[in-house]
Amino acid sequence: MVFKGSSKSSTKSIRFVDELRQEMATISDNKSKQAPYRSIPKAEMIVLDAPGLLDDYYVNIMSWGKNNVLAVGLGPTLYLWNSVDQRIHKLFHVREEDNWPTSITWSEEARTLAVGYTCSNLQLWDAESSKLIRSLQGHSERITSTAWNGHILTSGSRDKSIINHDIRARNHLASCIKKHSDEVCGLKWSNEGDRLASGGSEKQLYIWEASKMSSSKFLHLFTDHCAAVKALAWCPYQHNVLASGGGWNDRCIRIWNTQKGICIHSIETKAQISGLEWNRHHKEILSSHGYSTGEDQNKLCLWKYPSMTKVGEFGNHEPRIINLCQMRLFGFGMFLDPL
């Protein structure tokens with residue numbers, strides 16, 4: 001503003017102020033207009049037949065390794081599908097009746113497959129040679145969850161126990177924890193390998209410190225969920241953040257700060273949650289769903305983080321989605337529903 005001077009200089013100054021105001025208004029309008037969200041695929045890239053897939057919410061029978069090979073259990077048979085050359089290889093077929101794979105997990109280097117079975121046995125398979133390497137004992141009922149942490153393989157069972165197996169040692173049993181009061185259906189080690197999340201059918205979620213698991217002392221116990229806690233996923237860009245999803249009577253995704261032991265976000269999805277996967281390239285999380293109270297059943301939902309606003313839906317599945325996993329190299333989701 002000009003307070004003194006010739007009328008000529010005042011006119012120039014006033015014109016300058018008007019131009020400045022107009023420029024600031026344009027900037028403000030541009031800021032208020034949100035940029036359109038990135039393009040989201042509307043259809044699947046490929047569909048694979050999956051006859052014999054168990055319609056069981058609690059099993060985890062699909063795993064995608066760093067070798068870009070998808071391992072999936074279809075009834076008594078375990079298949080390997082190479083996403084690069086599209087080849088399918090049958091790793092093994094179980095001859096025993098009702099002793100089918102109920103948990104499948106690739107090791108971190110994708111050389112070994114851990115396979116848990118209905119009849120409580122746990123096996124390690126060499127995928128390249130298609131040979132059984134080792135059988136690990138310890139559980140008395142079916143094994144529905146497994147997770148790797150370096151040379152440690154962690155397994156969870158319907159016998160309510162969590163066992164850490166040191167696969168380097170002849171006596172592989174490193175520790176056994178019995179805190180859950182029902183089937184352990186979800187296990188996930190943090191990206192740094194210092195914490196383990198375990199979810200049970202009794203609606204409880206435990207956080208364990210790797211250095212203290214032999215003492216069976218947990219770091220946190222969360223009881224906010226109202227149904228089984230199967231879906232677990234550690235955030236790849238925030239060390240202490242964990243996402244968990246509940247079953248039919250819960251239908252909530254909860255985001256936890258495991259350092260402070262608090263829930264920092266909860267979102268009602270209106271559908272059973274069978275899987276969660278963080279996007280490694282964008283701040284998003286993908287959820288897979290089963291039974292629903294409305295029209296959202298049997299879908300994949302994409303959520304923006306940390307606002308947890310829904311940005312997309314995928315899939316038109318008649319049966320519910322049982323498992324969800326993510327391709328390691330390119331980062332898109334893979335999911336299975338029973339035929």
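A: Accessible areas come from the Shrake-Rupley method with a 1.4 Å probe, and for residues only the protein chains shown count as cover. Here the protein chain exposes about 17,400 Å². Carbon and sulfur atoms supply 49% of that area. This is a predicted model, in which local features need pLDDT of at least 70, side-chain atom pairs count only at pLDDT 80 or more, and totals for chains, interfaces and linings use all residues. Residues are numbered from 1 along each chain as its sequence is written, and side-chain values use heavy atoms, with hydrogens and water left out.

Q: What share of the 339 residues counts as buried?
A: Buried means under 20% relative accessible area, exposed means over 50%, and partly exposed lies in between (1.4 Å probe, protein chains only). In the protein chain, 51% of the 339 residues count as buried.

Q: How many helices and strands does the protein chain have?
A: Helices (H or I, at least four residues) and strands (E, at least two) are DSSP runs, numbered from the N terminus. The protein chain has one helix and 26 strands.

Q: How do strands β7 and β8 pair?
A: Two strands pair if DSSP finds at least two bridges between them. Strand β7 (residues 122-126) and strand β8 (residues 131-136) run antiparallel, with five bridges. Leu124 has Arg134 in β8 as its bridge partner. The two strands form a hairpin with four residues between them. In the turn, Ser130 has a positive phi of about 60°.

Q: What does a contact tell me about the chain?
A: Contact means heavy atoms within 4.5 Å. Take the contacts in the protein chain with a separation of 6 or more: residues 24 or more positions apart account for 44% of them.

Q: Which residues does Ile207 touch?
A: Ile207 lies in strand β15 (residues 205-209). Its relative accessible area is 0%, so Ile207 is buried. Not counting residues up to four places away in sequence, its contacts include Leu196, Phe218, Leu242 and Thr258. Ile207 and Leu196 are eleven residues apart in sequence, yet 5.7 Å apart in space, C-alpha to C-alpha.

Q: How many aromatic pairs are there?
A: A pair of aromatic rings is described by the distance of the centres and the angle of the planes. Rings of Phe, Tyr and Trp (its six-membered ring) pair if their centres lie within 6.5 Å; planes under 30 degrees apart count as stacked, over 60 as edge-to-face and the rest as tilted. The whole structure holds ten aromatic pairs. Trp64 and Trp81 have ring centres 6.3 Å apart and planes at 70°, so this pair is edge-to-face. The pair links distant parts of the chain, with Trp64 in strand β1 (residues 62-64) and Trp81 in strand β3 (residues 77-82), 17 residues apart. Trp64 is buried at 3% relative accessible area, and Trp81 is buried at 8%. Tyr206 and Trp208 have centres 5.3 Å apart and planes at 20°, so they are stacked. Both Tyr206 and Trp208 are buried. Ring pairs also link Phe92, Tyr117 and Trp125 into a cluster.

Q: Which charged ends sit over a ring?
A: A charge sits over a ring if NZ of Lys or CZ of Arg is within 6 Å of the ring centre and within 35 degrees of the ring normal. The charged end of Lys230 sits over the ring of Tyr57, 5.2 Å from its centre. Arg251 places its charged end over the ring of Trp248, 5.4 Å from the centre.

Q: How many disulfides are there?
A: A disulfide is a covalent bond between the sulfur atoms of two cysteines. The rule asks for a pair of cysteine sulfur atoms within 2.5 Å. The count is zero disulfides. Cys263 is in none; its nearest cysteine sulfur, that of Cys252, is 9.0 Å away. Cys263 is partly exposed, at 30% relative accessibility.
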